[in-house]
Amino acid sequence: MADCIFCKIVQGEIPCAKIYEDDLVLSFLDINPINPGHTLVLPKNHYETLFEVDPETLEACILAAQKISEAVYRGVKAAGLNFLQNNFRAAGQLIEHVHFHLIPRYEKDGFLTSWPGREYAAGEMEKTRKKILAEL
Ligand code: AMP
Ligand code: ZN
């Protein structure tokens, strides 16, 4: 993708603080970290969202992310770590090249301070379950 910033990083046209690389996967530090050590893991090939990634590439990304997560967690002496991935603008995706966030966390670091869950209305949970199952 000619105008994709992450493709440009993969091609070496834009620099990055590289953490890991193999045939399918690249990982580097996020330039605007939630906390120092915030790392991105992505497929070298361009896919917009999680939905398009082929199984072999996804497996390589997840396995790399697992290994790198522990290195981040230990390396920056974090108290926790979030593994996040945003799909489409409504979910906070700004760069349209699928990527996984590995975010080291500390008590009271101010990120994700609320998780505004709500209860289902009567019957809503079962209706929702059926809608999902119809697509599976
Ligand atoms: P998202 O909102 O999930 O699309 O996340 C995009 C992430 O990419 C943000 O956390 C940005 O800080 C990060 N980012 C944008 N440009 C660069 C870059 N050139 N190098 C490293 N990280 C970047
Ligand atoms: Zn791309």
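Helix H1 contributes the most to the shell around ligand 1, with 3 residues. Both helix H1 (5-10) and strand S2 (25-29) supply at least two residues of that shell; helices (H or I, at least four residues) and strands (E, at least two) are DSSP runs, numbered from the N terminus. The model is predicted, so that local features need pLDDT of at least 70 and side-chain atom pairs count only at pLDDT 80 or more, while totals for chains, interfaces and linings use all residues. Residues are numbered from 1 along each chain as its sequence is written, chains are lettered from A and ligands numbered from 1 in the order in which they are written, and side-chain values use heavy atoms, with hydrogens and water left out.

Around ligand 1 there are 16 residues, of which Asp30, Gly92, Leu94, His99 and His101 come nearest; a residue is near a molecule if one of its heavy atoms lies within 4 Å of it. By class, the shell holds 9 nonpolar, 6 polar and 1 charged residues (Ala, Val, Leu, Ile, Met, Phe, Trp, Tyr, Cys and Pro count as nonpolar, Asp, Glu, Lys and Arg as charged, and the others, Gly among them, as polar).

Polar contacts to the ligand are pairs of N or O atoms within 3.5 Å. An oxygen atom of ligand 1 lies 2.7 Å from a backbone N or O atom of Gly92, and an oxygen atom of the ligand is 2.8 Å from a polar side-chain atom of His99. A polar backbone atom of Ile31 is 3.1 Å from a nitrogen atom of ligand 1. Taken alone, ligand 1 exposes 510 Å², and the protein buries 85% of that (Shrake-Rupley method, 1.4 Å probe).

The whole structure contains 3 aromatic pairs, counted where ring centres of Phe, Tyr or Trp (its six-membered ring) lie within 6.5 Å. Phe6 and Phe28 form an edge-to-face pair, 5.5 Å centre to centre with 80° between the planes; planes over 60 degrees apart count as edge-to-face. Because Phe6 lies in helix H1 and Phe28 in strand S2, this pair ties together parts that are 22 residues apart in sequence.

Terms used:
A polar contact is a pair of N or O atoms within 3.5 Å; within protein, one must be able to donate a hydrogen and the other to accept it, and residues adjacent in sequence count only if both atoms are side-chain atoms. Rings of Phe, Tyr and Trp (its six-membered ring) pair if their centres lie within 6.5 Å; planes under 30 degrees apart count as stacked, over 60 as edge-to-face and the rest as tilted.
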